[in-house]
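I keep these notes while going through the structure one feature at a time. Each entry says what I looked up and what came back.

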Amino acid sequence: LFMLGIFKITCGAGVFKDTKCSRVLLCENRERRRRSKIAECVKNVSVKCWKHLRGGFVFIEVKFRILMGFFQVFFSFQRTFQKGTVDTDTSLLEMITGLNPSRLADEFNIRCAYDYNHYDTLFLYTLVPIVFVIVVVGVYMLLSRVYNKYKESVRQETITTVFYLTFLVYPGVSQTILETYLCEEFPTADGNEVFKSALRADYRLSCEDSKQRVIALVYASIMLIVYPIGIVLLYVSFLKRYHELILKQDASDLKEKEKSKLKRVSFLISPYKTERYWFETYELFRKLMQTSLVAFLQDTVFPNLSPTIAMNISIVVTLLLVFINPYKKTGDFWFAFVSLVLLIPASQLSVLELSSKQITNGNYGIMGVEFGLMIVIVFVELWWQKKGKSTSGGEVKDLTRTESHTDEEFVGVVNDNLNTMEENMKLKKRNADVEDENSRYRDENMRLKERIKELESMVPEDEASRDAVEVAVV
């Protein structure tokens, strides 16, 4: 993610377009292009592949985000309800979907060299994103000065990269921060216990007063403001700042400067309908409830009822999704709907009287259904899009309004029809002017022909007189 973000920002700055080295590599030098047809071929193929890859990612971007959101909650359920009972080899997938450093360390057996604990994970999980944002902002400031004409493009890519980072780390880092406060009490048996209260996320750590514990609690309190609260405030501040532009984003009279500003918040608003532009912020609250709140209830108030509470939350958020219906594309809505439905059995696997192997197989089954459903929906949308393509431009759209049409969609159709009719009137007027011009030419041509005939009738018959007339005409 770090390298991809830097690459996107650098591309936005036009670095690969302006430097002499890149001009040679991209065959923009005429002499080299003349002498090397192979380089030209490579360039064409590379550009086409890049366009196809970029277009493909844009097509599945929303589904990718839905998939990431599903696995963030899914792996949180595993950490909360199946801790120590299931050996599911999904550390790398969990690290990718939540950028969890401890899962990356488990995948590459780093614990053999360094025995890290929950506090180490807390510091690493919270500091790495901050360092990442500082580096990204530093690259933005540098490139915006060197390539000033691409400053807006660099700003857009920088904001989008930061949004992607917050989207990936929010559920996992919030749960890790809150787990720092959750301890488990152990009854005293013979007085020889190491400690009576231990951190539930890591039983090797004591919750009794110590310098390490105090530092961890103070640090977690600061990060509680930065991440669970701060990221939500970041989203809200951007939506509030561009609120007026977002509401009129479908208007046909938007200026280029306004369109450029809207691209800064395209990550937050592009998947959703205009009137549901706030839904990404709701998604933060939804994932926070399904991860951190459930984990908190598991360890404090309702230790035996938390799977049932998690199931009820999953049902409620599924019903809310159906009621709100925020997505622009039908395929995105159904994929999000089924993803939330799959979280219901995922929260109940630990409650059922199943062996560890059966629970593991159940986890793999749910993951397989999620991946398979995404592939099916993508192919169905591609087939439907190919089937429904129409090349008959310039037609007036149907103005029959149904309950499924929103006010913005209906106004957009009306505006499109008005623009189309205005263009048609201009074309008709232009055709009428051309027809009038042609008519004047035809009349002039007829007058010239009659004049020629009149002159021909005046030409004398004898040769000497005709020569005299020709000389006079010349």
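I started with E444 and R447, which both sit in helix α18, three residues apart, or about one turn of the helix. In this predicted model, their side chains meet in a salt bridge, 2.3 Å from N to O.

I noted a relative accessible area of 28% for E437, which makes it partly exposed. R440 is partly exposed too, at 48%.

How many salt bridges does the whole structure hold? My search returned 10. One of them joins the side chains of K63 and E381, at 2.8 Å from N to O. K63 belongs to helix α5 (residues 37-81) and E381 to helix α17 (residues 356-387), so this pair ties together parts that are 318 residues apart in sequence. Are K63 and E381 buried or exposed? I found K63 buried, and E381 likewise. I also followed shared partners: salt bridges link K63, D332 and E381 into one network.

Disulfides came next. A search of the whole structure gave me one. This disulfide connects C183 with C207, with an S to S distance of 1.9 Å. I read -90° about the S-S bond, and the link of C183 and C207 is left-handed. C183 is in strand β1 (residues 183-185), while C207 is in the loop between β3 (202-206) and α10 (211-241), so the pair ties together parts 24 residues apart in sequence. For C183 I have 24% relative accessibility, hence partly exposed. C207 comes out at 13%, and since buried means under 20%, C207 counts as buried.

I then checked the length of helix α9 against expectation. Its 29 residues (151-179) should span 42 Å at 1.5 Å a residue, and the end C-alpha atoms are 41 Å apart, which agrees. Where does α9 have a kink? I located it at Y170, shortly before the proline P171, with an angle of about 45°. As for burial, 23 of the 29 residues of α9 are buried, so the helix is largely enclosed by the rest of the structure.

My last entry is on nonpolar cores. The largest has 71 residues, and the members touching the most others are F74, Y235, I246, L268, I269 and Y327. Which helix gives the largest share of this core? I found that α5 does, with 12 residues. I looked at L268 separately: leaving out residues up to four places away in sequence, L268 touches F163, Y235, F238, L239, Y277 and E280.

Key: Residues are numbered from 1 along each chain as its sequence is written. This is a predicted model: local features need pLDDT of at least 70, side-chain atom pairs count only at pLDDT 80 or more; totals for chains, interfaces and linings use all residues. Side-chain values use heavy atoms; hydrogens and water are left out. Helices (H or I, at least four residues) and strands (E, at least two) are DSSP runs, numbered from the N terminus. The expected span of a helix is 1.5 Å times one less than its number of residues. The bend at a residue is the angle between axes fitted to the seven residues ending there and the seven starting there. Buried means under 20% relative accessible area, exposed over 50%, partly exposed in between (1.4 Å probe, protein chains only). A disulfide is a pair of cysteine sulfur atoms within 2.5 Å. A salt bridge is a side-chain nitrogen of Lys or Arg within 4 Å of a carboxyl oxygen of Asp or Glu. A nonpolar core is a set of buried Ala, Val, Leu, Ile, Met, Phe, Trp, Tyr and Cys residues joined through side-chain atoms within 4.5 Å. Contact means heavy atoms within 4.5 Å.
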